[in-house]
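The sequence and the coordinates are shown first, and the description follows.

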Protein chains: 2
Amino acid sequence: MKPTAGAATPRLLRRVNAQAVLGFIRSTDVATGTGLMAHTGLTRASVIAVCEDLIRRGWIRELEARDEERPGNPRKGRPARRFELNSRAGFVLGIDIGAATTTAAVADLRGSVLGRSSESFRAADIPAAERIDVVDRVCRQALEAAGTDARQVLAAGAGIAAPVDRDGNVLVTQHFWGLFDVGLRAALKELHGWTVLLENDANLAALGERWRGSGAGVDDLVVLLAGERLGAGVLESGRLLHGRSGAAGEMGYLDMVEGVGSSDGIASLARQWSAAGGGAAGGTVSARRVFADAAAGDPAALAILDRISERMARVIATVASFINPEQVVIGGAVAESAGVLLPGITALLPRFTATPPRVTVSPLGDAIVTMGAIRHALDYVEANALELELRG
Amino acid sequence: MKPTAGAATPRLLRRVNAQAVLGFIRSTDVATGTGLMAHTGLTRASVIAVCEDLIRRGWIRELEARDEERPGNPRKGRPARRFELNSRAGFVLGIDIGAATTTAAVADLRGSVLGRSSESFRAADIPAAERIDVVDRVCRQALEAAGTDARQVLAAGAGIAAPVDRDGNVLVTQHFWGLFDVGLRAALKELHGWTVLLENDANLAALGERWRGSGAGVDDLVVLLAGERLGAGVLESGRLLHGRSGAAGEMGYLDMVEGVGSSDGIASLARQWSAAGGGAAGGTVSARRVFADAAAGDPAALAILDRISERMARVIATVASFINPEQVVIGGAVAESAGVLLPGITALLPRFTATPPRVTVSPLGDAIVTMGAIRHALDYVEANALELELRG
DNA sequence: AAGCTAAATATATTGCCTGAACAATTATGG
DNA sequence: CCATAATTGTTCAGGCAATATATTTAGCTT
């Protein structure tokens, strides 16, 4: 019915093959023509042609110095040309826009984080324009710290604590973020020419966790991002779940669904446990106190931990019943202390679900969302590499 | 890391373009060269070349009789060649393997159902071999009713009431189906050369409902298949959710998760409501009586209906929180009577979730799984059309 | 019958991959 | 130290598939 994308012209072949070649080079430090032949199935002639293309476009680089070290097998024959990713051909931004603080991180095309910066908002209810100003400032600082500038940015991933649909839009009716998203993208586009990819923070956390967290390489992964609120980021078969309006994983109402009063739900417990809302610092102290008291044998503290464990187990079991992930990762402000709860949660799970997932705690700490935002931006850049223009 | 599929050779272009052309012809009754040009973006020359290719392979047919009727615009110019799908170039099977009964349906490439047959198992605990015999017999009968034969079958979709992973495998450890799946596929492959695509029945129901049910065209759709058990089939962004081991949507444990004793959960209520397990006939009678009594004002019956509505609403709300579908369809044995509950359920939903989906009842009745199985098989055939050999 | 128009065909050109022949460069073994 | 084997790089004809442009065809109009 719809006018299909575009006809498959001979150029498409080059695009596809170049993607394959570039993808392999990205994954392997240095690549030789022969290696590329083996992994892409292309002829040597084609591989070389593609590589020259990629060099011309700036995505890869040829290593001149045929290094003396040739470890392992002392190979005969003419030495191979060696290609590597030009990891500084461009950079991506990963932005975490929280309720109280915004953090930006800059990474190169390999994903190495080169600069970071953050700033707290003056108040919780500042207007959108001011919020955008802060985001812009934080990004510029991070870029400066990374030793690069706005013109080198190929894409920016940004996470907010609201439902974001597949196209990066926020339901205007739902949150005050609704006004924010369009403005943010427009502003950064106009100021710097950036493409901003907006996503839900828990979804980004899932991407980050699969990339460089405890869910490395797991394709069916759920991340519970517990902090000011409880949100889930869901990867199924390696793809993010959004649902109709981006609200997949939004379980703000779940306490009620679980038949528990809101004063007793996960969110409330977490809040009560890590002190009343707001900043992370104060909260951590309070959480630590509970854990310390529990360790000392305080019965009240132990009871709180038990209830938290059971609540967590129930939430995870519900996720397991609907999504059936291989692994569930607990991340966010709560993660730091959640390790102690793992044995209890794991032990409870089989009572609530037939398919208990592995449960772990995120090692990424505060960087979980920015990490995912970087990965999100890199995914975009990698998928569109041959359409993007490198400004060197 | 993995040896990538295959190099993109010029042939790929033809494959891609042929897919596009065939896809459009499939969707449009009769197509002209000009129409194909518009919708694929190809040149006329290419379109014609592709069409001749497809004719040679047997997938499409050229209409000779340039019919007198040329409605609407009495067009000038040379009359266009007209192509149509050769819908009888092959057939697909849709099989519903229930606990008590197996049903098979045969459809042509347009999805028109041409034959149907079903048979009940002698007993619930017959060995796998006998079960496979029944399936085979039912299929052959359906093919005969459709006026075709086993050699014309391009693929068979089959649904069972157990978790099936993305590759069509059943977890051996989990159900007695675990032994069944391999045997079934091997047997039908050997007997007839069929490719059998095994899937979870609720997943197939979702495909069927989106194809020809009340969820037509909805990409984020959940089907609750309520009968002997309660299972959910989830489509997100048009794709089936499986999870790690195919257990996505398996909420057998949900009554416990919901904090309700198993004697009071949805499954039990449904069972109690539609009489004790087993056949559909007896169950329906009992369900009807409850509804009749409720209509007559019987307070006990009304109370049951209220509890069912609330349970349903809670389940749907939980689905909504995690998956955020646009629509939830109630299907299976319960569907027939569920219409009365819809207003109540819909009214309750906003209390339990911030993103209440539209809720409807399936119009497909008993055919919901076979319909989905047909769609599943057609999806496979359409995706692999150019690799399949038509035996004419 | 002449003219118009949209569709089909014919021909030349281009992009991209393959395959085979040929050239280059190193390790190894006498 | 030189010949040989092994490995990689380079070049060029050949084929497939798409585009672009010009030419022909088939039906309708007047």
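Two residues are taken to be in contact if their C-beta atoms, placed from the backbone, lie within 7 Å. The model described here is predicted.

**The two protein chains**

By that criterion, 51 residues of chain B are in contact with 52 residues of chain A. On the side of chain B that touches chain A, at least two residues each come from α1, α2 (33-40), α7 (254-257) and α10 (299-323) of chain B. The largest share of this side, 7 residues, is supplied by α10(B). Sorted by class, the side of chain B that touches chain A has 25 nonpolar, 18 polar and 8 charged residues.

How are the two copies arranged? In general, two copies of a chain are related by a rotation about an axis and a shift along it. Here chain B is superposed on chain A by a rotation of 180° with 0.0 Å of shift along the axis, and the RMSD is 0.1 Å. The two copies are thus related as by a two-fold rotation axis. Moreover, 100% of the interface residues of chain B are also interface residues in chain A, so the copies meet through the same surface.

**The fold of chain A**

Chain A contains 13 helices and 13 strands. It has 392 residues, of which 46% count as buried. Of the contacts in chain A between residues at least 6 apart in sequence, 67% join residues at least 24 apart.

| Helix | Residues | Number of residues | Span, first to last C-alpha | Expected span |
|---|---|---|---|---|
| α3(A) | 44-57 | 14 residues | 20 Å | 20 Å |
| α4(A) | 128-145 | 18 residues | 26 Å | 26 Å |

The span of α3(A) is close to the value expected at 1.5 Å a residue, and that of α4(A) is likewise close to its expected value.

An α-helix has 3.6 residues a turn, so residues three or four places apart point the same way. In α3(A), the buried residues are A:S46, A:V47, A:V50, A:C51 and A:L54. Viewed down the axis of α3(A), these buried residues fall within an arc of 135°, so they line one face of the helix. They pack against α1 (10-26), α2 (33-40), β2 (60-63) and β3 (82-85) of chain A. The face of α3(A) turned away from the buried side carries the exposed residues A:R44, A:A45, A:E52 and A:R56. After α3(A) comes A:G58, which has a positive phi near 95°.

Which residues of α4(A) are buried? They are A:I132, A:V135, A:V138, A:C139, A:A142 and A:L143. Seen down the axis of α4(A), these too fall within an arc of 135°, so they line one face of the helix. The exposed residues A:A129 and A:E130 are carried on the face of α4(A) turned away from its buried side. A:G147 follows α4(A) and has a positive phi, near 75°.

**The surfaces near the DNA strands**

DNA strand D is surrounded by 32 residues, the closest being A:G33, A:G77, A:R81, B:T43 and B:R78. Two or more residues of the surface near DNA strand D come from each of α2 and α3 of chain A together with α1 (10-26) and α3 (44-57) of chain B. The element that gives the most is α1(B), with 5 residues. By class, this surface has 13 nonpolar, 9 polar and 10 charged residues.

Around DNA strand C there are 30 residues, and A:T43, B:G33, B:G77, B:R78 and B:R81 come nearest. The elements that each supply at least two residues of the surface near DNA strand C are α1 and α3 of chain A and α2 and α3 of chain B. Here α1(A) gives the most, with 5 residues. The residues of the surface near DNA strand C divide into 13 nonpolar, 9 polar and 8 charged.

**A loop in chain B**

The loop between β2 (60-63) and β3 (82-85) of chain B includes B:P79. Is B:P79 buried or exposed? With 11 other C-beta atoms within 10 Å, B:P79 is exposed, since a residue counts as exposed if that number is 12 or fewer. B:P79 and B:T32 are 47 residues apart along the chain, and their C-alpha atoms are separated by 9.6 Å.

How values were computed:
Residues are numbered from 1 along each chain as its sequence is written. Chains are lettered from A and ligands numbered from 1 in the order in which they are written. This is a predicted model: local features need pLDDT of at least 70, side-chain atom pairs count only at pLDDT 80 or more; totals for chains, interfaces and linings use all residues. Copies are superposed by least squares on the C-alpha atoms of residues with pLDDT of at least 70 in both. Helices (H or I, at least four residues) and strands (E, at least two) are DSSP runs, numbered from the N terminus. A residue is buried if 20 or more other C-beta atoms lie within 10 Å of its own, exposed if 12 or fewer, and partly exposed in between; C-beta atoms are placed from the backbone. The expected span of a helix is 1.5 Å times one less than its number of residues. The arc is that of the directions from the helix axis to the C-beta atoms. A residue is near a molecule or strand if its C-beta atom, placed from the backbone, lies within 6 Å of it. Ala, Val, Leu, Ile, Met, Phe, Trp, Tyr, Cys and Pro count as nonpolar, Asp, Glu, Lys and Arg as charged, and the others, Gly among them, as polar.
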